[in-house]
Amino acid sequence: MRRTASAAAVMAMTAALLPLPATLSPASAEPDEEGAAAPLVVDRITPDSVDEDSTLRVAGEVTNTTGETVRDVTVRMRYSRHPFTSRDELDDFAGGEDWQPSASGPDQEFEGRLEADGTLEYALSTKAEDLGLTAYGVYPMVVEALDGDGDVLGAQYTFLPYTADEDAPSLDLAWVWPLMAAPQRADDDTFLGDELHGSVGADGRLGRLLEAGAQVPVSFDPGDEDLVKELGLDRDEPSPEGSPSPGENATAEESADSASPEATDEGGDGPEEDPDDADGNGDADAAEEEAPSRSEGVPIAWAVDPGTLDDVLRMAAEDHQVLADLEEDPAQEPVRVEREADVAAQVWLREAREVLAADTVVATPYASADLVALLLNDMNGDAEASLRLGQEATARALGLDADDRFALPPGGLMDERVQELYTEHGARRFLLSEEVLPPASWISTTPGAQAPLPASGEDEGEESFALVTDPGLTSVLSMPSWEPGESALALQRFAAETAMIAGENGGGDRVVVAAPEPGWDPSPEFAAGVLAATDDLPWLSPERLDRIELPDAEEREDTREELDLADDAYGEGLSSTYLGQVEDVSRDVRLFNSILVGDRDPFRPSLVRLESVYWRDREALAGATRSLVVRAVQSRREDVRVIPGEPVTLASSTGTTGVLVANDLEDETVYVYLSLYSENSERLSIGEYTHHFEIAPGAKTTVYVPLSARINGSTNVHVSLQNADGEPISSQDTLIQVNATGLGTQALLISGIGLLILIAALAPRALRKWARKQAAKARAAESGDGPGDGPGDGGEGSAKDGGTSADDGSAPGDDATGDDANGDTATDEGAATRDDEPPHDGTAPSDPPPADDAPAASDTSDGTADDTPSAGERPDDSGSGK
């Protein structure tokens with residue numbers, strides 16, 4: 001096989017002697033099937049711009065995709081000596097459907113056979129001076145492969161910027177580098193898929209964008225450190241509506257300063273005031289000087305979606321759920337997979353905090369909420385929340401604040417309402433699409449990015465202005481760059497596009513803003529290449545976005561029309577029907593929030609995610625996500641509940657039952673109102689009880705409720721929890737069955753009847769005992785006048801004693817003596833006393849005393865012996881009977 005590549009010989013040929021191929025459609029330069037090799041690939045074009053001293057080199061590969069053997073393949077370059085005159089011509093030529101260049105450049109021939117699917121490598125080169133180019137500009141160039149019969153096997157249409165020997169014009173280029181993704185969560189703990197898990201890795205989209213934008217080595221090695229602790233992910237996350245908790249950088253320092261007296265007292269831990277700072281600006285100046293700044297590479301402004309950052313932070317912090325196959329069939333209940341805290345997300349956050357601190361950071365609203373649609377549908381509160389949440393989420397995730405001077409409405413679309421909202425939040429520089437600020441009709445060149453805006457609201461101080469992103473560059477940056485040769489062609493187109501802008505007679509210095517699409521997914525080669533080209537191309541000068549200023553009024557040109565959002569742009573936003581469905585969810589959220597202590601709004605991020613511009617053309621997935629949020633809200637609301645108990649039985653007409661209320665929320669304190677009512681208030685009434693109370697997270701409380709039954713039977717008591725406005729927080733009441741049996745009243749009746757029977761049975765016996773006692777007293781009185789009896793006084797004393805013994809169970813007429821009547825203890829004591837005294841007559845009585853004389857013979861009440869003399873003796877007046 002013989003190769004020839006004589007540039008001189010080729011240049012000697014005239015265009016008339018060379019066959020011009022038929023118009024080649026773009027499809028002929030692409031593979032017929034996805035994944036198949038392109039018939040001709042341009043791997044490398046160097047340099048990306050040439051001057052008269054350069055040598056142009058083009059290298060790549062040819063593949064036989066015809067399905068049959070071809071012979072004598074030739075690869076050649078064709079070009080034109082006439083540069084493009086407008087940027088529109090670049091688009092026309094790139095499609096391969098416009099005119100064909102006729103000038104011939106270098107070629108390379110391959111003799112012999114090239115089998116089907118066979119490949120060969122080519123390399124073309126020529127000196128720039130041999131091309132006959134005369135002036136600065138962008139020239140068309142085609143690289144094509146032909147077989148021996150002159151049929152085109154494949155071609156690639158590209159561009160050749162040429163600077164000649166003159167000074168190239170200058171163009172300032174500012175970069176807006178996106179770190180954004182579609183919303184990844186329904187509620188805070190549920191991810192819609194695992195796309196983000198792969199995106200933050202070294203080979204993922206967000207990982208590659210971070211590394212390319214950093215322009216310095218970035219490590220995706222987690223190392224040996226505890227990243228959860230190092231990043232502060234083990235701290236309790238602040239509420240979505242509040243400020244970051246102490247220790248969370250950003251506003252956390254303000255919280256510490258305001259809460260700690262040591263922050264301002266002398267000798268405290270806070271920073272000491274510089275005595276030289278007489279004007280009070282020393283701290284600000286020092287902070288500006290100490291702020292990290294880029295030391296190498298092209299300055300860029302990082303455009304972040306706070307919702308994406310919040311998703312990454314949640315994924316890195318702790319365990320979470322990932323839904324499987326939700327997008328494949330949103331109508332089906334998805335499978336939930338438990339995932340641990342993602343290490344790749346932790347590493348990405350670690351590197352992002354370091355890298356982004358060196359550049360300007362601008363932020364969209366949280367989750368790129370559709371501000372135009374929200375304000376159009378009078379959902380101002382949601383629009384406000386999206387900006388507030390965006391500021392807080394950025395500070396939490398990155399440990400720094402986004403530059404609030406910049407407004408980055410989603411898609412660069414803005415009307416007067418959106419401008420007024422941003423102005424109220426302090427924005428003065430608006431990154432907008434050319435769709436809302438198109439070039440003036442009379443201008444034919446690319447206007448600069450700056451454009452004054454009309455005053456809005458209470459706009460005071462700094463004049464507001466727009467920085468309009470260049471749509472042509474956005475389109476170029478979206479070119480495919482992953483397949484072989486695509487990156488080289490995309491880089492060449494980027495060089496050509498910027499060269500065309502620089503070469504236009506724009507009337508002075510201009511700055512343009514390059515802003516890729518939010519979902520930009522370039523190959524690493526292309527992403528790194530465009531930044532390198534910004535620094536290397538002779539007509540480009542990198543510019544910091546935050547240093548772009550609006551020209552003085554006398555130096556401005558009216559190069560753009562007034563701010564105007566077209567009607568079709570309104571129609572492309574979230575529909576009123578869809579936002580009405582989101583408002584239905586919002587009502588459920590409002591009901592849940594109404595029982596939370598403090599100004600808590602934990603589902604606000606979920607609602608704002610539902611209002612993202614990403615749902616405009618993803619209706620099925622949006623509906624499935626909305627349903628997931630609804631179920632999550634209902635589930636959280638049902639965590640505050642009345643725990644059902646056993647049926648209550650009243651054993652009397654009144655009683656008390658306990659109602660157990662639980663707060664199963666893990667991190668929310670609630671304040672609820674307890675409502676009870678009886679289905680039949682005539683049968684069962686409810687007394688006064690504690691109607692409202694606070695319950696800590698994970699706690700339970702019991703409320704005691706008095707009940708009163710008027711009629712026996714079963715009655716249901718309805719129990720519900722409500723908010724302060726009387727709205728029930730659950731769809732169904734808890735029922736308590738109360739059974740009033742009346743058994744208490746019956747028991748009292750039975751007891752009363754039994755008592756009456758007992759009294760009736762014992763009363764006659766008691767009367768008889770009393771009668772016998774009275775009779776005994778009478779007999780004792782009568783016997784005191786006979787011989788052998790003591791004096792009357794002594795008889796009375798004996799009678800008294802006899803009365804006491806009767807009370808103890810003896811009765812007149814019984815067959816027992818007085819001693820027996822008084823019991824064993826009394827008998828023993830009496831015997832002991834009598835043994836101490838000698839018998840009066842020396843003999844014991846032969847017979848016991850008569851029964852009637854028993855009381856006189858018993859012991860006295862004080863236990864001393866009776867001194868009554870024996871029969872035949874006179875009684876002593878000093879005896880114990882007195």
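**Figure 1. The loop that holds proline 47 in the predicted model.** In this predicted model, proline 47 is placed in the loop that runs between strand 1 (40–46) and strand 2 (55–63). The peptide bond between threonine 46 and proline 47 is cis. Its omega angle is about -15°.

**Figure 2. Serine 368, a residue with positive phi.** Serine 368 belongs to the loop between strand 13 (360–363) and helix 10 (371–376). Its phi is near 50°, which is a positive value in a residue other than glycine. The relative accessible area of serine 368 is 4%, so the residue is classed as buried.

Figure 3. The loop between helix 10 and helix 11 (380–398) contains aspartate 378. Although aspartate 378 is not a glycine, its phi is positive, at about 60°. Aspartate 378 counts as exposed because its relative accessibility is 64%. By contrast, serine 368 is buried, with a relative accessible area of 4%.

**Figure 4. Aromatic pairing around phenylalanine 93 and phenylalanine 159.** The model contains 12 aromatic pairs. In one of them, the ring centres of phenylalanine 93 and phenylalanine 159 lie 5.8 Å apart. The planes of these two rings meet at 65°, so the pair is classed as edge-to-face. Phenylalanine 93 is part of helix 2 (residues 87–94), while phenylalanine 159 is part of strand 7 (residues 152–162), so the pair ties together parts that are 66 residues apart in sequence. Phenylalanine 93 counts as buried, at 1% relative accessibility. Phenylalanine 159 is also buried, at 2% relative accessibility. Ring pairs connect Phe93 and Phe159 with Phe84 and Tyr157 in a cluster.

**Figure 5. The salt bridge between arginine 396 and aspartate 310.** Side chains of opposite charge can pair when their charged atoms come close. The whole structure holds 32 salt bridges. One of these joins the side chains of arginine 396 and aspartate 310, with an N to O distance of 3.2 Å. Arginine 396 is buried, at 7% relative accessibility. Aspartate 310 is likewise buried, with a relative accessible area of 7%.

Figure 6. Glutamate 504 and arginine 510 form a salt bridge in which the closest N and O atoms are 3.3 Å apart. Glutamate 504 is buried, its relative accessible area being 16%. Elsewhere, salt bridges with shared partners join Arg185, Asp188, Asp310, Asp311, Arg396 and Arg609 into one network.

**Figure 7. A patch of negative charge on the surface.** The patch brings together Glu416, Glu435, Glu557, Asp558, Glu561, Glu562, Asp564, Asp567, Asp568 and Glu572. Among these residues, glutamate 562 is found in the loop between strand 19 (540–543) and helix 16 (567–571). Glutamate 562 is exposed, with a relative accessible area of 62%.

Figure 8. A patch of positive charge on the surface is formed by Arg765, Arg768, Lys769 and Arg772. Arginine 768 lies in helix 20 (residues 743–783). With a relative accessible area of 48%, arginine 768 is partly exposed. A nonpolar surface patch consists of Leu755, Leu756, Leu758, Ile759 and Leu762. The area of this nonpolar patch is about 500 Å². Isoleucine 759, one of its members, is also placed in helix 20.

Conventions. Residues are numbered from 1 along each chain as its sequence is written. This is a predicted model: local features need pLDDT of at least 70, side-chain atom pairs count only at pLDDT 80 or more; totals for chains, interfaces and linings use all residues. Side-chain values use heavy atoms; hydrogens and water are left out. Patches are made of residues with over 30% relative accessible area and no salt bridge: like charges are joined within 9 Å, nonpolar side chains (Val, Leu, Ile, Met, Phe, Trp, Tyr) within 5 Å. Accessible areas come from the Shrake-Rupley method with a 1.4 Å probe; for residues, only the protein chains shown count as cover. A salt bridge is a side-chain nitrogen of Lys or Arg within 4 Å of a carboxyl oxygen of Asp or Glu. Lys and Arg count as positive and Asp and Glu as negative; His and the chain ends are not counted. The place of a charge is taken as NZ of Lys, CZ of Arg, CG of Asp or CD of Glu. Helices (H or I, at least four residues) and strands (E, at least two) are DSSP runs, numbered from the N terminus. Buried means under 20% relative accessible area, exposed over 50%, partly exposed in between (1.4 Å probe, protein chains only). Rings of Phe, Tyr and Trp (its six-membered ring) pair if their centres lie within 6.5 Å; planes under 30 degrees apart count as stacked, over 60 as edge-to-face and the rest as tilted.
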